[in-house]
Amino acid sequence: MRPLIVGLVLITGCASELVDTSPPGEWTASERSKLQRLRLPEAWPADLSNPRGTEDALIGLGGILFFDPGLSSNDQVSCGTCHKPEHNFSDVTPLSRGLGETNRHTPSIVGSQQGPWFYWDGRADSLWSQALSPMEHPAEMAGDRVSIVRYVATHHAESLERAYGEVPDVTDLTRFPERARPAATGDQAWMARAWDTMSPADQLIINTEFAKLGKAIAAYESTLMPTEAPFDRYVDAVLSGDSTGGGHLTDEQVLGLDVFLGKGQCTLCHNGPLFTDRAFHNNGVAESRPGYDPGRRSGAPIVLGSPFNCRGVFSEQEQCDELDYLDPSFDDFQSAFKTPSLRYVDQTAPYFHNGSHETLDDVVAFYDTLPGSPAVGHRELTLKPLGLTATERSGVVAFLSSLTGEPVQP
Amino acid sequence: MRPLLPVLLFAACTSGPTEPESADVFGAERETQSGTYLVSVAFDPDPPGMSDLFTARATLKDSAGVPIEDATVSLNATMPHHGHGMMTSPRDEPGVCDDDGTCTHPGGVYETSGFKFHMGGPWTVAVIVTGPNGVDDVTYIYDMQ
């Protein structure tokens with residue numbers, strides 16, 4: 001590798017990544033270390049929020065619930081409606097569509113258990129608590145926890161009992177209204193009023209059972225992990241001394257990897273085996289609807305106040321460091337969104353939190369030129385126009401396709 | 001291709017008044033800005049993982065090399081040329097405390113939990129000491145990979 005071009009520091013204003021002009025495919029020790037960190041691990045850390053999440057009975061129940069539209073108020077929408085297996089458990093529409101339309105794109109859930117925060121804005125701190133909200137969101141499944149708990153106890157009694165043993169009887173409509181959930185507003189406010197008629201003890205029964213359903217769904221989702229991709233095999237070959245990378249990447253992809261690690265500065269955020277730092281950034285992508293999306297600015301206080309967070313009575317986790325140390329006032333949370341994984345990224349178009357970019361070419365062009373500016377807050381300051389050549393742009397897109405392994409089976 | 005940046009280049013990017021580290025080893029013992037104290041810094045775990053919580057630990061001595069156990073030490077980290085700090089609210093650990101609430105830091109070791117580096121690149125780690133010989137500070141640069 002050639003020495004640093006020191007003058008570039010003055011031009012770029014202290015960019016933290018500098019350009020090296022050596023041929024793509026010849027990797028320094030530092031780059032090889034980085035390649036190692038991007039490779040899939042031998043094993044993934046356990047989901048500490050869901051201690052029974054590896055049990056077959058929970059996984060089995062969770063898989064049933066994930067694809068059951070009966071959990072929705074119109075019997076037509078399931079988790080799988082938006083998290084489509086054929087699209088790597090994401091969706092092809094820019095914005096998620098259930099009973100209505102949400103304001104964000106459906107992210108892939110492959111590998112999603114690996115991280116402290118869930119949703120684009122991190123408003124949940126466990127995969128199981130994340131799984132609860134869509135069931136009640138008016139634009140998604142529009143259900144309510146009382147009828148959902150009753151429905152599962154009725155329609156999936158055997159699987160439920162196998163997972164959790166004895167199931168409480170919630171059929172008494174004088175104690176458990178036909179439909180009820182807390183915090184419902186607008187034309188669903190009547191469900192909140194119904195919830196308020198319930199005794200605290202009965203509310204606790206429902207919330208406990210509801211949380212169990214979330215943990216079953218999370219157990220199933222935790223089985224959806226990325227498989228080895230050409231990139232991983234390339235890294236193995238390089239690290240074992242094969243300078244050709246075993247032929248697992250094309251020359252164009254190697255060029256793209258070179259840009260990804262160097263000139264493109266992509267690993268500042270897309271780092272680790274899932275190519276995400278699991279943090280929140282404002283990349284300045286334009287809003288696709290009137291107004292602005294506060295992103296993590298609104299997500300942080302929500303998770304701190306959630307009864308289903310790590311400190312809640314339904315949590316089985318003793319240590320909640322991520323929640324305890326969270327600073328909701330962090331300035332750069334404004335319109336910041338979680339860095340998505342790039343595994344299978346060529347299967348998950350469209351892109352960004354609002355699905356505003358249709359192709360990977362569009363995404364790379366965006367980071368190359370950085371058009372526009374955020375409606376509020378400011379773009380991550382480390383982002384600068386890259387000045388990529390057409391060959392480099394197409395190389396990065398080609399490289400990204402090397403992150404796709406065998407399809408993840410439902 | 002991405003070789004490690006020389007420390008001198010980092011210095012141009014930071015706003016702290018102190019000199020950059022003269023050694024390649026992050027956190028090596030150094031004098032504070034006015035030469036009042038000797039400070040070294042370590043992370044646990046080392047190296048910290050990307051976006052993982054970790055503890056920062058400063059060891060404080062007087063200029064003669066004797067540990068100072070009853071000072072107040074504040075540790076923080078920022079990315080000055082990115083314009084932000086950490087996404088967390090780190091907590092200075094109290095040390096060993098008596099029933100009357102008097103706390104000391106045996107061996108001059110002061111811990112701050114809840115550090116998190118959520119981006120790759122150079123982080124400026126600032127240590128501010130309020131001790132028997134007054135207030136002084138020192139900064140270090142850590143290149144998060």
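Predicted model: local features only at pLDDT ≥ 70, side-chain atom pairs only at ≥ 80, totals over all residues.
Q: Then is Tyr119(A) buried or exposed?
A: Tyr119(A) counts as buried, because its relative accessibility is 14%. The residue is found in the loop between α4 (79-82) and α5 of chain A. Helices (H or I, at least four residues) and strands (E, at least two) are DSSP runs, numbered from the N terminus.

Q: And what is the phi of Tyr119(A)?
A: Phi is near 80° there, a positive value in a residue other than glycine.

Q: Which value does phi take at Ala142(A)?
A: Ala142(A) is not a glycine either, and its phi is positive, at about 55°. Ala142(A) is placed in the loop between α5 and α6 of chain A. With a relative accessible area of 3%, Ala142(A) is buried.

Q: Stepping back, how many helices and strands does chain A have?
A: Chain A contains 15 helices and two strands. Its radius of gyration, taken over C-alpha atoms, is 23 Å, close to the 22 Å from the globule rule for 410 residues, so chain A is as compact as a globular protein of that length. That rule is 2.2 Å times the number of residues to the power 0.38. Along its principal axes, the C-alpha trace spans about 75 × 45 × 35 Å.

Q: How much of chain A is buried?
A: The buried share is 56% of the 410 residues of chain A.

Q: Which residues touch the most other members of the largest nonpolar core?
A: They are Leu65(A), Leu71(A), Phe89(A), Met135(A), Val152(A) and Ile206(A), in a core of 48 residues. A nonpolar core is a set of buried Ala, Val, Leu, Ile, Met, Phe, Trp, Tyr and Cys residues joined through side-chain atoms within 4.5 Å. Helices that each supply at least two residues of this core include α3 (56-66), α5 (127-136) and α6 (145-155) of chain A. The most comes from α9(A), which gives nine residues.

Q: What does Phe89(A) touch?
A: Leaving aside residues up to four places away in sequence, Phe89(A) has contacts (heavy atoms within 4.5 Å) that include Phe66(A), Phe67(A), Pro107(A), Ile109(A), Tyr220(A) and Val408(A).

Q: Which residues are in the second core?
A: This separate core has 32 residues, among them Val235(A), Phe275(A), Val396(A) and Val397(A).

Q: Next, α11: how many of its residues are buried?
A: Helix α11 (residues 251-261) of chain A is mostly covered, with nine of its 11 residues buried. Those buried in α11(A) include Gln253(A), Gly256(A), Asp258(A) and Phe260(A).

Q: What do the buried residues of α11(A) pack against?
A: They pack against α2 (29-38), α10 (230-239) and α15 (390-401) of chain A. Leu261(A) also belongs to helix α11 of chain A, and its relative accessible area is 0%, so Leu261(A) is buried. The C-alpha atom of Leu261(A) is separated by 9.8 Å from that of Asn271(A), 10 residues apart along the chain.

Q: Which peptide bond of Pro350(A) is cis?
A: The bond from Ala349(A) to Pro350(A) is cis, with omega near 0°. Pro350(A) lies in the loop between β2 (337-338) and α14 (360-369) of chain A. In chain B, the bond from Asp44(B) to Pro45(B) is cis, with omega near 0°. Pro45(B) is found in the loop between β2 (37-44) and β3 (53-62) of chain B.

Methods
Residues numbered from 1 in each chain as written. Chains lettered and ligands numbered in written order. Heavy atoms only, no water. Buried < 20%, exposed > 50% of the residue type's maximum accessible area, 1.4 Å probe, protein only.
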